[in-house]
Amino acid sequence: MMLNILGAVLLIVGFYAAWRLAPKRPDAPAAGWFPDPASKSPRSRLWDGQAWTARVTGGAERANRGHHFRGRFWGRWVWSLAAALVVLGIGIAAYQATENVHVMAVTSFLAMALVCWAFYGFVDRQLSLRDVIGLRQVAAVAVASAGATFLVALNLNDLTGSIGGISLATALVGFTEETAKLLVPIALFLLGTYRNPRAGVAIGLASGFGFAIAETTLYAYQTAAASGPAFCGGETPAVTTGSVIAAQVARIFGVSPFHWLFTGIAVAIAWRAWHLYGRKGMPAAIGGIVLVMVVHSLNDTSATLGCGEPTVQSLLAMVRYVLVIVMYLVFKAWTRKHTPPTMIGSVSKGWTPKHLGEQQVSADEAPAQGDPAREPADG
């Protein structure tokens, strides 16, 4: 009951703040023709003020497409990650000395928040998110998403678990949890706010951050109390201080990143489709969201496989860690489509836009004003 009340308060307060603080900024950079970052030849492509479009025309200048493993990789985000490690070290030592679960919960909350902030700082360096959204809006969305975690996701997971056990719960977890995480971003979009694709990426990440922080903190208590999900059925294994620490560290660095990567991918696909194609982009947007839900469910379902077979379970655990890297690459592939013209040449080749589609237009055609041009599907 208390979690439901807390969830409702966080959801309402966070959502209202995000809505009231919605950015009203001019497009940055402004619409215009720029050297095509997706082409190795001299050519210009239309940036409509919010996203790269498929419109291309001849040009005299070739884009600086960056270099592999060079660019805007390192930044202040590294200090946030280092701070997370320091917090974990101090918190773990304090937990081992006191065996007070509140110490582990606070440690998990702070470390998870710092890891989230580090990742956001990294993406901001590539996409210049600060040009379209402020930190207050990001924090508000994260708070609202944390509320949706307690109020929506936990209740839906409990419902599916009570109906069909752990098998049904894990099979549907991608649909229940992604629904909870997308609730706030889509509601804000429908209210006419945060429609810039880069702002969409930012609030998609923020929603994943809020979910990850809330869930990781809650799991500190559940793991210590041996009340978390038993994926192989039967009783939850005996809990020790070491097992709680190991579980929380693994969750912070190996499990929780899925939350913001999954939601970030879904939002990147949906916001681009809606921005460039309007209602015609609805199938692509829904398809991207559903695909993310399916992958999420498959990932969690893998935890129920290989029960009683330690070797199989170890291999599946390694596969899940590899999947984190794969999801990051997919996230990068979709979000780099919105790397703004001002960042081209500064970011690495990996963050330079690719596969933007191609529609030849005359060189003297002016950028659309006020209403983004509808484009053919990306090639």
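**A friendly note on rings and helices**

1. Let's start with the aromatic rings: the count comes to 20 aromatic pairs. A pair here means that ring centres of Phe, Tyr or Trp (its six-membered ring) lie within 6.5 Å; planes under 30 degrees apart count as stacked, over 60 as edge-to-face and the rest as tilted.

2. A word on the source. This is a predicted model, where local features need pLDDT of at least 70 and side-chain atom pairs count only at pLDDT 80 or more, while totals for chains, interfaces and linings use all residues. Residues are numbered from 1 along each chain as its sequence is written, and side-chain values use heavy atoms, leaving out hydrogens and water.

3. Phe 73 is partly exposed at 40% relative accessibility, whereas Trp 77 is buried at 14% relative accessible area. (Buried means under 20% relative accessible area, exposed over 50% and partly exposed in between, with a 1.4 Å probe and protein chains only.)

4. Next come Phe 119 and Tyr 328, whose ring centres are 6.5 Å apart with planes at 80°, so this pair is edge-to-face too. It links distant parts of the chain, 209 residues apart: Phe 119 sits in helix α3 (residues 101–127) and Tyr 328 in helix α9 (residues 310–335). Helices (H or I, at least four residues) and strands (E, at least two) are DSSP runs, numbered from the N terminus. Phe 119 is buried, at 15% relative accessibility.

5. Is Trp 79 buried or exposed? Trp 79 is exposed, with a relative accessible area of 66%.

6. Finally, a record to compare with the model. UniProt lists residues 31–57 as "domain: DUF2510" in an unreviewed entry; positions follow the numbering used here, feature names are shortened, and annotations may be inferred rather than shown by experiment. In the model, residues 31–57 are 0% helix and 56% strand, with the end C-alpha atoms 15 Å apart.
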